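Here is the note you asked for on this model. Please read it with the structure open.

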Amino acid sequence: MPTQPVPSPTPTPGAPSGAFDAPLIRDFMAGSVGNVFKVMLSMDAVSVDLPHDAATLEGIGKPVKIPHDRIVGSIGFNGEATGNVFLHFELPFASACTCHLLGMSESELAEAGNECLNDAIAEITNMTAGGFKNALCDRGFPCMLTLPSVLRGSSFYVAPVSSAARHVSHFDCGGHRVTAEIFIKSNDPETS
Amino acid sequence: MSIKILTVDDSKTVRLIVRKAFKEFQCEILEAGDGVEGLSVASKASPDLILLDVTMPVMDGVEMLSRLKGEAALKGIPVIMLTAEGGREHVMKVAKIGIRDYIVKPFKEEVLIEKVGRVIDLKPVSDAPAKAKSYTDTADILVVDDKPAISEQIREGFKHLPWRIHSASSQGEAIDFCARATPDLIAISLSLPDEAAYSLFRLIRGNPKTKYTPVMALVVKTETGQQQQAQNVGMSSIITKPIDLKELEAKASKAMNIDTSNRYFATEGDTLVMRLPEFCTQSTVLEVESHVKVKIAGAVDAGLTKMVIDAQKTGALEMAGIKLLFQTMQMCRDLGLRCGLVGNPRVVAECKGFEDTRNWKFCDSIEQARLGLETS
């Protein structure tokens, strides 16, 4: 089955990232993911360096390769900096995170249904993007979050449009992979 | 009437986390998914506190806050923001509208409870009026002392009781323990370095989970200044070192509101028996004394006609013990309960030394005393 692109509101790979160089973005995201996982899920999220090849998505426009069904939390930010944050989870790990967050058992979660899982992943993404966005704000790029949404499936990727830079960070969370994908551009004419 | 907390957040997950966080407290959690719903619930239910998200559909948190402050009936409700929007400028903007606190997501439940507890009086569910604990029930006692021998001494001294003694050697360890569990009693050594005992006491009182937990001060007998200071800051009671374990047990029981009457009182057939312990310390006497009136009245109410005071195992009554016996016998006379005494030679000799008690007749056993009361 071919991968289905999900259009991103912020555009094009390979565009200049202006004030946001890759190490800075990665630091912001690593700090935010680490904090959310530590505080809300009592778990370390360790940044993992993967080879820069197409399969691992540093290649522009390639899908994030996750071998299981996955769930992706998505949220935008608008202001002096504009972009999107996507947080990719393997579905079983997303369930485990939701159970921990809400103090539920697997069977209780199954009974509660997909809505509960989707809402928990949306909230984890909201908190993660919040931390990232707050770091941008404190760096002089005030912006606001949009409402989060969730995508589920096994064969899709986020297709960026022009002028936004794309950054991908992988995390090891107790043996599970979580991937953060960020599209960002500065709206400040001096830095973009 | 229980405290009402309104959580306004479009995320059901956050509303569930808030509900989970406060389930150990006497409060009702109300929920709303956006600002419009939040204003509606606030108008109808008049919550004591609102936890408010910023980014929500229909009406966001900033708009809801502004409208809340514009309504005479609602503007007094304290609001704590609970949001992922944590940029400095944004926080300043919201703070100007009027909020009590600002919590940036992600958040620990303990932080949420602590900040809410600063605004409203959170009472643990376990603090609700309930039957007093019995001394056969388990209890968790946290001993905070940098000398391990003290905890060990207390553990050893209480091994006949189902009380679990937990040790912490520093303020940090004590706080960590309280984050994991809520002890029934905390004993803090006043000799912790840098006056840590007092700062720990303040933290314990500031934490809604331990706000009502009794706190005892452990202090060397000669340190009267420290004892005074502990009383002034509001510690429940003072235990002096070297520790008298009987005194500690009595004070701990009292502090934990443990019903100790079964230790001293029993109904045996048609007779109420009051047994004095081996060591009749001041605190033990006070403990027995606190039960006497209720127990005698209960015996009369139940149709009992006899009471035996058993001091057979008591080492020395001292003045306080003799006074207790005297008052108890007086109470029995007032209520028409015939009263007999059982004592050993030392107790008998002690009572011979006072004008009011020199003619008391002691028996050698409870059975003998009961027979005596039947034939009298």
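The points below cover chain B, its side against chain A, and one glycine.

1. Basis. This is a predicted model, in which local features need pLDDT of at least 70 and side-chain atom pairs count only at pLDDT 80 or more, while totals for chains, interfaces and linings use all residues. Residues are numbered from 1 along each chain as its sequence is written, chains are lettered from A and ligands numbered from 1 in the order in which they are written, and side-chain values use heavy atoms, with hydrogens and water left out.

2. Make-up of chain B. There are 15 helices and 17 strands in chain B; helices (H or I, at least four residues) and strands (E, at least two) are DSSP runs numbered from the N terminus. Of the 376 residues in chain B, 49% are buried, meaning under 20% relative accessible area with a 1.4 Å probe, counting protein chains only.

3. Contacts and surface. Among the contacts in chain B with a separation of 6 or more, 68% join residues 24 or more positions apart; a contact means heavy atoms within 4.5 Å. Chain B has an accessible surface of about 17,800 Å², and carbon and sulfur atoms hold 52% of that surface (Shrake-Rupley method, 1.4 Å probe).

4. Interface area. On chain B, 23 residues are in contact with 24 residues of chain A. The two chains bury about 1,900 Å² between them, with 60% of it on carbon and sulfur atoms; buried area is the accessible area (1.4 Å probe) lost when two parts are put together, summed over both. B:Thr13, B:Glu85 and B:Pro106 supply 27% of the area that chain B buries against chain A, more than any other three residues.

5. The interface of chain B and chain A has 2 salt bridges, each a side-chain nitrogen of Lys or Arg within 4 Å of a carboxyl oxygen of Asp or Glu. B:Glu85 forms a salt bridge with A:Lys133, at 2.1 Å from N to O.

6. Elements at the interface. Helix 1 (12-21) and helix 4 (88-98) of chain B each supply at least two residues of the side that touches chain A. Helix 1 gives the most, with 6 residues.

7. A glycine to look at. B:Gly157 lies in helix 6 (residues 148-157) of chain B. Is B:Gly157 buried or exposed? B:Gly157 counts as buried because its relative accessibility is 18%. Between B:Gly157 and B:Leu245 there are 88 residues in sequence, yet the C-alpha atoms are 6.1 Å apart.

Technical notes: Buried means under 20% relative accessible area, exposed over 50%, partly exposed in between (1.4 Å probe, protein chains only).
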